[in-house]
Amino acid sequence: MDQLLQTLKDGIAIGSLYALIALGYTMVYGILKFINFAHSDVVVLGAWLSLLFARKLEAVTGWGAPPWWAGALVLILAMAACALAGFCIERLAYKPIRGAPRLNVLITAIGVSLFLQNMGQQEWMFGTRPANIPALVNDATLFTVGRVNFTLLDAAGVGTALALMVGLEWLVFHTKIGRGMRAVSHSTATASLMGVPVNRVISTTFVIGSALAAAGGFLWALKYSQIKQTADTSWTLLGLKAFVAAVVGGIGNVRGAMLGGLAIGMLEMFGAAYLWSSMTDVYVFGLLIAVLLLRPGGILGKAVVEKV
Amino acid sequence: MNTSAAQLRERSRALAPGVGLSLARGVAPLVACLVLAVALQIAVRPLMGDYAAKLVLDIGVAVILAVSLTIVNGFTGQFSMGHAGFLAVGGYASGAVTYYGSLKVWGSAATHGGLLSGRPMSVDPSTLPLIGSGDLLFVGALLVGGLTAAALGLIVGLPSLRLRGDYLAIVTLGFGEIVRVCIQQTGPVIRTAAEAAQVPAWKLATSVGGALGFTGIPKYTSLFWVWLIAGITIMVAYRLKRSTYGRAFLSIREDEIASEAMGVNTTRYKVWAFVISAFFAGIAGGLFAHTLGVGLSAEAAGFLKSFDIIIMVVLGGLGSVSGAALAAMVVTLLPEWLRGKHVGPVDLSQYRLVIYALALILMMIFRPKGLLGVAELWDRSLWTSLAARLKRLAGGKGGSR
Amino acid sequence: MTGTIRLWSAISVFGAMALLGACEKKSPAPAPGGGGGTPAASTPGEITIGHYGSLTGAQATFGKSTDNGIKLAVKEVNAAGGVTVAGKKYTVRLVSEDTEGKPEKAGTVVTKLITKDKVVCVLGEVASSVSLQGAPVCQEYGVPMITPSSTNPDVTKVGDMIFRVCFIDPFQGEACAKFARGELKAAKVAVLFDQASAYSVGLKDEFNKAFKAAGGEIVSEQAYTQGASDFNAQLTRIRESSPDAIFIPGYYSDVTNIALQSRKLGMKMPLLGGDGWDSEELGKNAGESIEGCFYSNHYAPDQPTEEIRAFVSTYKADFGGVPDGLAALGYDGARLLFEAMGRAKSLSGTDLRDAIGQARGFKGVTGAITLNDHRDAVKNVVMVERRGGQWVFRASIEPK
């Protein structure tokens with residue numbers, strides 16, 4: 001019973017992180033129809049920047065226990081910095097090749113990804129050694145069921161992820177810029193003819209996606225406290241799983257990404273807890289192939305037939 | 001009707017090249033490959049030393065990998081990111097065949113190759129035949145490696161190639177990772193013939209070293225085999241590009257919907273391209289596995305290796321066979337050349353991947369088709385246009401002065 | 001027709017280019033058939049030794065530490081006037097090459113060291129999976145190789161040219177099991193290992209064997225893959241089996257996450273590991289969570305011997321920071337080589353091999369090193385404990 005509850009809790013915790021990161025993939029795919037391979041590297045950037053901001057803040061304020069606003073401040077700073085990074089990446093690397101064949105865009109994305117990874121690895125950036133983020137949230141236990149602890153940190157993580165997802169949902173479906181995004185994702189040409197400022201919409205998408213990625217990186221750092229170097233394969237794997245979550249949920253679909261993230265998180269945790277722990281990656285990619293075979297559009301997506 | 005058909009047949013016979021000529025056309029490049037491979041085998045080591053020989057060998061394997069990936073990524077415009085997965089599968093399959101085959105036949109994993117294959121230095125070459133019985137096993141093993149990889153290519157390609165192009169990227173990436181995890185689950189290598197005799201054959205196939213890597217494979221790979229197969233790969237890829245299949249591939253790349261409308265069965269051609277590419281990657285894996293000092297481990301299936309191959313294909317030009325081969329050479333030699341190179345206090349080899357990344361991005365912005373585009377090194381048009389451009393550049397400079 | 005001709009010319013162009021590309025790397029006319037281990041091209045009075053290690057990449061800290069240790073040994077021996085081989089004085093030059101921690105790079109790098117730099121002996125790698133690929137090349141060219149810290153037994157089985165100055169995993173696993181059973185009085189132990197690492201899998205197997213033989217019980221065995229960050233599922237399963245201790249034969253960065261997460265799950269039992277834990281980062285990043293945990297290592301910097309005190313202080317002066325076990329082993333490997341050179345009849349591969357193989361009771365920083373018939377070092381394992389934010393010497397376990 002304890003194990004079931006614990007696994008459920010862990011599945012939700014990691015699933016909400018996957019969902020948050022998957023949103024970035026799904027938004028860019030929905031609008032530009034390409035896999036932004038550099039997205040996971042923005043997550044890493046967010047994690048490392050959170051670490052730097054947190055250290056700076058710790059040094060400046062000299063806190064004993066972190067004040068309640070410390071986490072929020074670091075989160076906002078990291079999101080702002082990554083939003084700027086996302087904007088620059090889009091303007092410098094992706095905008096010049098808009099309209100090029102998909103393959104070229106994909107290759108550019110890989111280039112950006114490799115660039116971010118290997119610059120971050122340099123000693124004068126973040127270096128190759130893993131580092132530890134100072135505690136930002138007081139890790140108090142809220143309540144305990146059996147042997148399962150529910151801590152403030154868990155609540156803060158899931159709560160932040162949830163709040164951001166609700167915020168995004170509102171933004172996409174209830175604001176002007178959200179309407180623009182939906183229009184561009186239907187047809188760039190038509191949207192542009194209808195007076196939607198396509199460039200601004202695309203930039204906004206990248207800015208929002210990158211900010212969400214930074215939030216994902218921040219929550220990751222908060223949850224695991226140890227951050228590995230930028231070129232570590234664990235980051236690529238994290239990005240891949242988040243992308244799988246987006247595909248499983250139905251790529252281009254915001255709610256699908258959330259559902260997919262939870263599904264992948266649960267699958268991973270329950271697979272490791274009740275089946276062989278050595279095969280977690282196989283479960284995830286196995287699910288991807290199964291979904292592509294049975295329901296190519298994903299759980300919430302609809303299969304799109306391409307037309308001229 | 002009848003007469004006109006007969007006339008047509010007559011005319012086509014008159015236009016068709018003679019049997020001798022077409023035979024020459026088919027065989028001549030093969031002979032050229034053979035001669036070149038033998039020449040490399042004989043000349044490189046004595047003339048340039050062992051380190052250079054190792055590099056020439058590495059280049060050969062990289063050429064096979066890059067050219068084979070060109071068939072998918074370059075010709076059909078699909079995006080496979082799991083090429084290293086096929087490399088690993090081919091390597092393990094062929095390694096298992098030669099290793100356990102040697103144990104069964106000769107009782108040990110020593111090489112039984114001829115003059116043209118790899119051998120320990122302690123073996124006196126004058127006692128060897130030109131082609132040894134071990135070479136036959138080796139070639140058989142390479143084919144097994146290639147076919148295993150091709151079969152897996154079919155399994156992976158069929159579902160994902162029905163879908164939009166970029167799904168293939170993510171499925172193949174996932175495939176590479178699954179291969180990696182599965183290899184890690186395998187058992188330790190069985191060391192003696194007596195033990196191997198007691199183990200059923202299916203179990204031998206899973207006794208390939210697990211996380212430690214597959215060690216003890218007889219080292220047959222030599223410059224001869226690598227460059228013979230590299231030559232054949234280049235030839236097949238080039239012929240393919242010029243065939244009706246190649247036209248179909250290129251049409252899919254240019255516009256999938258239009259080519260579908262023109263009656264090209266796009267899924268079928270895409271799967272074909274994918275399977276052929278996997279086959280050659282599997283063979284490259286076999287060569288890789290039988291090279292002295294090259295560790296065949298699960299890491300070989302990882303996406304970092306796949307990225308390396310993709311970089312070669314993109315730098316060389318999407319769709320250019322010779323371009324991919326050229327880039328394979330550059331990408332293999334560059335890190336070696338950068339060893340210990342400094343610009344001021346900056347160690348260049350530290351920035352190797354940063355340089356690659358920037359090159360990729362800039363290439364996509366300023367020269368989206370790669371260095372050569374679809375052109376080949378031996379296309380006259382490439383050189384004439386280059387010359388024209390140079391002339392214009394020189395003229396432009398003169399004019400501004 | 002023209003197609004054929006073009007293809008012909010293309011193929012020859014490629015051959016020519018490959019030759020040209022390689023020509024750049026041309027070495028000064030080696031004899032056909034390779035080096036054979038004779039340092040013919042070394043300038044008189046100078047011996048070149050090689051080191052291959054992961055100087056960049058994810059395992060960069062390992063290679064750099066080892067390299068520092070070797071550099072220190074080379075500096076010291078040259079300051080003392082070099083080595084004397086068969087009555088002739090030589091200074092020592094070190095060439096270090098990077099493998100990026102990739103097994104497939106090992107062959108190229110070692111070939112370069114042997115045939116281009118003409119090294120008389122090769123030191124390296126840390127990771128057994130990389131050493132296993134470099135070793136056959138050394139064996140083939142008849143150049144002795146000393147691995148400072150590859151603990152997998154298969155490495156020295158490659159051939160009679162391959163030596164090591166560290167203990168092997170069976171002994172390390174046994175020592176950990178002995179320690180867990182004897183000192184910690186643990187009856188039930190859970191194991192959490194990295195299935196992607198040969199080192200981890202090997203150590204786990206040996207530990208299990210020895211622990212069961214000592215009358216203990218392995219209550220749970222869970223795996224993870226390098227690159228995983230979340231160990232909650234595995235740890236929850238381990239918690240269900242309520243072990244007295246958890247054995248984690250992994251690398252320090254994963255152990256950090258495991259330690260942090262296990263404490264959050266309310267698991268208080270001591271964690272136990274092997275020499276893969278050896279890094280400053282573990283204590284720094286895991287903090288409180290690693291308190292009261294143990295690992296087996298090659299030496300402990302706070303051991304009260306003269307050699308260690310001298311080594312730690314010179315290392316600190318040269319590179320800053322306390323040397324880890326890998327630096328100590330690199331230092332010992334190089335010094336053992338210099339000592340063997342002094343005894344060798346000549347610098348040929350076979351003479352050097354014989355001299356290295358005769359090392360008996362060599363006084364190293366990491367303890368007395370005696371090489372056995374399998375060319376493995378027979379030496380003690382040191383158990384260190386985290387106490388009060390410091391790794392301190394706890395016990396020394398002697399070989400049989």
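Student: What makes the span of helix H8 (residues 223-242) of chain B close to the expected one?

Tutor: H8(B) reaches 28 Å from its first C-alpha to its last, and the value expected for its 20 residues at 1.5 Å a residue is 28 Å. The expected span is 1.5 Å times one less than the number of residues. Keep in mind that this is a predicted model: local features need pLDDT of at least 70, side-chain atom pairs count only at pLDDT 80 or more, and totals for chains, interfaces and linings use all residues. Residues are numbered from 1 along each chain as its sequence is written, while chains are lettered from A and ligands numbered from 1 in the order in which they are written.

Student: What counts as a helix or a strand here?

Tutor: Both are DSSP runs numbered from the N terminus: H or I over at least four residues for helices, E over at least two for strands. By that rule, chain C has twelve helices and 16 strands.

Student: How do you know that strand E5 (residues 145-147) of chain C pairs with E6(C)?

Tutor: Pairing takes at least two DSSP bridges. E5(C) and E6(C) have three, so they pair, and they run parallel. Met145(C) stands opposite Ile162(C) there.

Student: What makes E2 and E6 of chain C edge strands?

Tutor: The open sheet runs E2-E3-E1-E4-E5-E6 in chain C, with mixed pairing. E2 (83-85) and E6 (162-164) each pair on one side only. The twist averages 35° from one strand to the next.

Student: How do you know that helix H4 (residues 128-141) of chain C packs on the sheet?

Tutor: Contact means C-beta atoms, placed from the backbone, within 7 Å. H4(C) touches E1, E4, E5 and E6 of chain C, so it packs on the sheet. Its direction makes about 160° with that of E5(C), on a scale from 0 to 180 degrees between N-to-C directions, with axes fitted to C-alpha atoms, for helices over the stretch in contact. Helix H11 (residues 325-343) of chain C lies across E1, E2, E4 and E5, at about 40° to E2(C).

Methods:
Two residues are in contact if their C-beta atoms, placed from the backbone, lie within 7 Å.
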